[in-house]
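The exercises below ask you to read a structure step by step, with a worked solution after each task. Please keep the sequence and the model in view while you work.

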Amino acid sequence: MQELVKRIQQDGNVLGDGVLKVDSIINHQVDPLLMKQMGELFAKVFAKRNITKVVTIESSGIAPAIFCALELGVPMIFARKSKSLTMNEELLTSSVYSFTKQVTSTISISRKFLTESDNVLIIDDFLANGQAAKGLIELCQQAGASVEGIGILIEKSFQDGRQLLEDMGIDVVSLARISSLENGEVTFIEADA
Ligand code: 5GP
């Protein structure tokens with residue numbers, strides 16, 4: 001997506017260890033118009049997959065996921081990273097190692113929100129080693145739901161995430177694909193949409 005690439009070029013900062021900081025558009029301050037455009041693009045790309053739920057993980061996936069769900073006319077569910085006192089029903093859970101925080105956390109979704117008749121589109125902000133996406137897939141599998149695809153805003157293609165997901169037979173659509181963050185420079189390869 002041309003607009004996202006342009007914004008990363010303008011506003012992104014490369015931190016050491018292969019991390020891209022985009023906190024003025026995605027991860028802290030959020031650009032609503034860009035989120036709306038990206039959410040709608042995912043809805044268009046996956047329009048034929050009969051999606052019944054959009055699933056993401058808190059917090060940065062929520063903004064694009066809600067616009068996508070709005071466009072598709074379906075609910076959006078965000079997996080929680082910590083258990084809330086109000087989550088007193090049966091839970092679907094899985095363990096996720098966070099690339100940026102370097103801790104393992106248990107993510108969860110209430111079982112009542114996902115069923116075997118659901119066709120799920122997973123949305124997230126970044127794809128690095130694929131651990132967040134894998135955790136979300138596991139939650140869907142526990143519910144017996146079908147994962148119809150994964151929409152990613154920024155894929156770091158020099159890490160293993162895409163391969164991991166494709167090996168599971170899942171379609172990955174990334175709006176920006178970064179082949180390198182070396183020497184403080186962002187190098188892009190052709191995106192999926
Ligand atoms: P993965 O689970 O694919 O290894 O990493 C994806 C998760 O880690 C995303 O949900 C995102 O929160 C975070 N992440 C991974 N790489 C980056 C990065 O370069 N920049 C930012 N801001 N977050 C990242």
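A polar contact is a pair of N or O atoms within 3.5 Å; within protein, one must be able to donate a hydrogen and the other to accept it, and residues adjacent in sequence count only if both atoms are side-chain atoms. The model is predicted, so that local features need pLDDT of at least 70 and side-chain atom pairs count only at pLDDT 80 or more, whereas totals for chains, interfaces and linings use all residues. Residues are numbered from 1 along each chain as its sequence is written, and side-chain values use heavy atoms, with hydrogens and water left out.

**Exercise 1. Find the polar contacts of the ligand.**

Solution. Begin with the surroundings: 16 residues surround the ligand, and the closest are Leu-20, Ala-128, Asn-129, Gly-130 and Ala-132, where near means that a heavy atom of the residue lies within 4 Å. Next, take the nitrogen atoms of the ligand: a backbone N or O atom of Leu-20 lies 2.7 Å from one, and a polar side-chain atom of Asn-27 lies 3.1 Å from a ligand nitrogen. Finally, an oxygen atom of the ligand has a polar side-chain atom of Asp-124 at 2.9 Å.

**Exercise 2. Describe how strands E5 and E6 pair.**

Solution. Strands (E, at least two residues) and helices (H or I, at least four) are DSSP runs numbered from the N terminus, and two strands pair if DSSP finds at least two bridges between them. By this rule E5 (residues 91–97) and E6 (residues 104–110) pair in the antiparallel sense, over seven bridges. Within that pairing, Ser-95 has Thr-106 in E6 as its bridge partner. Six residues lie between the strands of this hairpin, in which Gln-102 takes a positive phi near 55 degrees.

**Exercise 3. Locate the backbone exceptions at Asp-17 and Ser-59.**

Solution. Recall first that most residues other than glycine have a negative phi, and most peptide bonds are trans. Asp-17, although not a glycine, has a positive phi of about 60 degrees, and its place is the loop between strand E1 (13–15) and E2. The peptide bond from Glu-58 to Ser-59 is cis, with omega near 0 degrees, and Ser-59 belongs to the loop between strand E3 (53–57) and helix H3 (62–72).
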